[in-house]
Amino acid sequence: MRKLKLSTVLDHAVLIAGSLFMILPLLMLLQMTTVPDTEIIRTGPSLTIGDQLDDNFRKAMFEASGFSGENTGLSMLKNSMILGIGFAFGKIVLGMMAAYAIVYFRLRFATFAFWLIFTTLLLPLEVRILPSYEVVQWLGMLNTYQGLIIPLIASATATFFFRQFFRSVPEELVEAARIDGAGPVKFFIDILVPLSQTMIAAMFIIMFVYGWNQYLWPTMITTDEDMYTLVRGIKQIVQVLEGAVVPEFGRSNVLALVAVIPPVLVVVFFQSWFVKGLTESDK
Amino acid sequence: MKRAGFTTVSLPVLLLLPQLVIIAVFFYWPTVVALQSSFYLQDPFGFGSTFVGLQNYIDLFGSREYRRIASFTVVFSLLVTFFSLAIALVLAVKADKVLRGARTYRTLLMWVYAVAPPVAGFIAVIMFNQSWGPLTEFFGFFGHDYMVGVNFNDTAFSMILASVWKQVPVNFIFFLSGLQSIPRSVREAALIDNRSASGRFWDVTFPLLAPTGFFLLIINITYSLFDTFGIVDIVVKGEPGNNPMTLVYKVYVDGFRGNDLGGSSAQSVILMVLVLALTIFQFRLIDRRIHYT
Amino acid sequence: MSRITLTSAVMSLALTTAASAQTEIELWHAMGGALGESVNQIAENFNASQDDVRLTPVFKGTYEETLTAGIAAFRAGEQPHIMQVFDAGAATVIGAKGATIPVQDLLSDNGVDFDIEDYISGVRYFFADSDGKMIGMPFNSSSPIMYYNVDALEAAGVTPPATWEEFQETTAPALAAAGYIPLAQSHLPWIFTENFHSRHNLPFATNDNGYGGLDTQILVNNDAIKAHFTALTEWQDAGYFEWYGTGWGDNQTPFEEGKVAIWLGSSGSFGGLAQKDLGFDFSATYLPYWEAVTSEPKQTFIGGAALFAMSGKSDAENAATARFFEYLTAPETQVLWHKETGYVPITEAAYEMAAAEGYYAEQPAAEIGIKQLSLAAGENTRGYRMGFYVQIRDVMNREYGRILTGETSVEDAFATIEEEANQLLSRFAQTQG
């Protein structure tokens, strides 16, 4: 019995160490937002908790830099939301539509369409980043939400996932629906979409986090400050820290935290959906 | 498609159209442009260009620096992959074992999944600040004068640490779910057959987790190749200097910072070939995986 | 091109229909932080000074990002009216004839008097073409100068060194003995390469430093600069010099913290340093030179950036841009910019005005940049013009970093820089075909 206890203690020790490894860096960011910047540039992160959090939060979220006055934390938060939600929504809608067409219709060019779509799984955006940028520039979509979101949607992950899921739906359902005289649109909306609810939720969480966390593409596409997302703004933060008279660590760290908190909350609150979606979508 | 499906023609075409249009414009067109640009040298403003055949590729393969970056990318990817898999596996095995606080541990160990790579890089920049970074002081305590941005290995270590920190949670989630799907009967049988815990792990658990591991291997390599861009960019503060960099970062530096469209496109094409090879490898692994289970 | 003509046609049409309205012009710049606030201040003053033109400055990130954003916008027909381009991007933007309107033409076409002799000598030709026609309007002009911690030098009982020999034999040992790191600098390619050649009047590239044509070869692999970098490594070993990485701020911070006694930075750093509460007195003087290389040190290149008027705009908009340039070069504006940022005033008149106000009696260090730019010129001090220079600087930074971390030798590093730079230059020549 005593031996068993020792190993349990060891297990917990490992898990606690792992948890600390994960959480300490974020606590450090938080601590730095509570003390004055002048103290940070002298001593760096410490164990003291100051009273500057409110002040830094106000500066980060509402005070703008730049001539236009549009580059506040709040506007970046808005852009991040639009990117995260727009991306997740676009991807799921397009993916479901395409997957439905491929799985449930006899279509001569379905196989061809299938391959056209699934080839996109092979090459991530990063390897064709510059030409994608040129295309967006030719289309005059730099510094627009469309230019930010649509090229990111041009991949088949969601289509692939819904195709797998639709194929696991019992075939009798379609037949039953047809006997009831339900057309394809009715079947899709009344039966397939409700059936897919959990999957849609899981996908939405994964895609939201993925979209929210995009960095390279927004860095290239958005050069107007009022189009910055929070994650893209990190680059600006680092540059401003370099050149500032007194580096504003408090303000910067608040922005970094705001960039992290929404997707973390989504993942933590919808944990079971998210885990299910993640581990099953990749099978 | 064996389904007893509908026979309408116009509807599925309508359904497919948006996706196909987007893919055509934002996937196939850029891919063709990349291929085409890689054979030219172009004035960035678009006034002049010269067809140079394979010159961009020849220049790249002849460049000592490009080969150096390629080898760094390989080493970097292997280290990030190994450490994030190993740490995640240990944590998953422990989290699967404990009874008390299992849910709390799970949450604490997985939330970093949602942190964006550049934020991980930003944290590394603070941790390794030359004047007062906590980790700089930690290494200083052991007599190592840690200099991120100066010493190549120190900078590389910061990048690897940030990348591993960011990647452990994904692996943890997959390993844990893999462990939890091992049937109870198998576990009980193993308990009888094998007395030592480590013996049980290596003889039973590890082989059962192997398919998950193979799958994660590819995920992790892809992550280290592409998604670490944000970490690299923030840790070097946008100044390549003598800092380590990955192949994707080099595409960005040459194409976007230096406006060398031809050279950067040729690098993109090389990366495409690399990813294609990886994907083919992955498909074969998935085949094997089905075979295992 | 046809697309641009079309856009401008549409724009001029739009303007004629709204003839009474203000002309809106946009300026894309790379001035972050306090510098950006000064740019905004100038824009506000300009807008308040008249009713016909409204200028909006937009911060676009680093110099590299601003250039790339401007190029992309130009290709999409959405270029700003004015774009700030830094020294290393000069060849790219001036090489693309048709992308910009030479500032000299813009001003004279719009009835603004232009005489290149009004500008202080150091800034006249850096952003000019091979015939001496000014293409870009020098804006934030700076030069590398030597800042020093007055308290530290007093403690060590030394005066600021005029030559590197003096630094090596007298200044550095005394400062080291007094517990300081004697020397740091913030930009090896700019300070210890480009301006090294200018200060010592050495040719930096063939073809008249690259102004003469595209088939240019870099001349960086020479004995003088190799001796300089060899000395740097020796100083590093002796504790006379410390390198904190490629980033600008990483090297400036130790000076601000009082650890480093002498820091080579930009004359444009003056404003920022003066605003900070450093806890010690600082001053500045000329960049040292090697007596072994030259007994007649020359002026340095201007660094920083220039404003380029982009083509493809309507006549009314071009006139508005010219009007802003006129305002910008007025002595009052220049003196304000000079005082707030530390960048040098670009005209003789502005310089005289600042001097007459007694600014330099109060802040002698603020005059160093402009005095250094007004030192005697030589045949190699006009500037340099090399394509893909952003990458060439990156190659230099990389190899210098390797020298200073002991990964490579001075000899090998310069051979590599020469080889890679020449390859980049020949690649650039082909892009212009």
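In this predicted model, the centres of domain 1 of chain C and domain 2 of chain C, taken over C-alpha atoms, are separated by 30 Å. Each domain of chain C is made of two stretches of sequence, with residues 2-142 and 303-346 assigned to domain 1 and residues 144-300 and 387-431 assigned to domain 2. To the contact between them, domain 1 of chain C gives 18 residues and domain 2 of chain C gives 16 residues. On the domain 1 side, the elements of chain C that supply two or more residues are listed below.

| Element of chain C | Residues |
|---|---|
| Helix H4 | 90-95 |
| Strand E5 | 137-142 |
| Strand E10 | 303-310 |
| Helix H14 | 331-341 |

The largest share of this side, three residues, comes from H4(C). By residue class, the side of domain 1 of chain C that touches domain 2 of chain C divides into 11 polar, five nonpolar and two charged residues.

Chain C also holds an open sheet of four strands, which follow one another in the order E7-E8-E6-E9 with mixed pairing. Strand E7 (181-185) and strand E9 (282-285) of chain C each have a single partner strand and stand at the edges, so one side of each is left without a neighbour in the sheet. Averaged over the sheet and with direction ignored, neighbouring strands are turned by 25° against each other. Strand E6 (residues 144-149) of chain C pairs with E9(C) in the antiparallel sense over four bridges, and within E9(C) the bridge partner of Met146(C) is Thr285(C).

Turning to the interface between chains, 14 residues of chain A are in contact with 24 residues of chain C. On the chain A side, two or more residues are given by helix H6 (129-138) and by helix H13 (230-243) of chain A, and H13(A) provides the largest share, four residues. The residues of chain A on this side divide into six nonpolar, six polar and two charged.

As to confidence, the model scores ipTM 0.91 and pTM 0.91. The mean pLDDT of chain C is 91, with 95% of its residues reaching 70 or more.

Key:
Residues numbered from 1 in each chain as written. Chains lettered and ligands numbered in written order. Predicted model: local features only at pLDDT ≥ 70, side-chain atom pairs only at ≥ 80, totals over all residues. Contact = placed C-beta atoms within 7 Å. Nonpolar A, V, L, I, M, F, W, Y, C, P; charged D, E, K, R; others polar. Pairing = 2+ DSSP bridges. Axes fitted to C-alpha atoms, helices over the stretch in contact; angles between N-to-C directions. pLDDT = per-residue confidence, 0-100. Domains from an automatic or database assignment.
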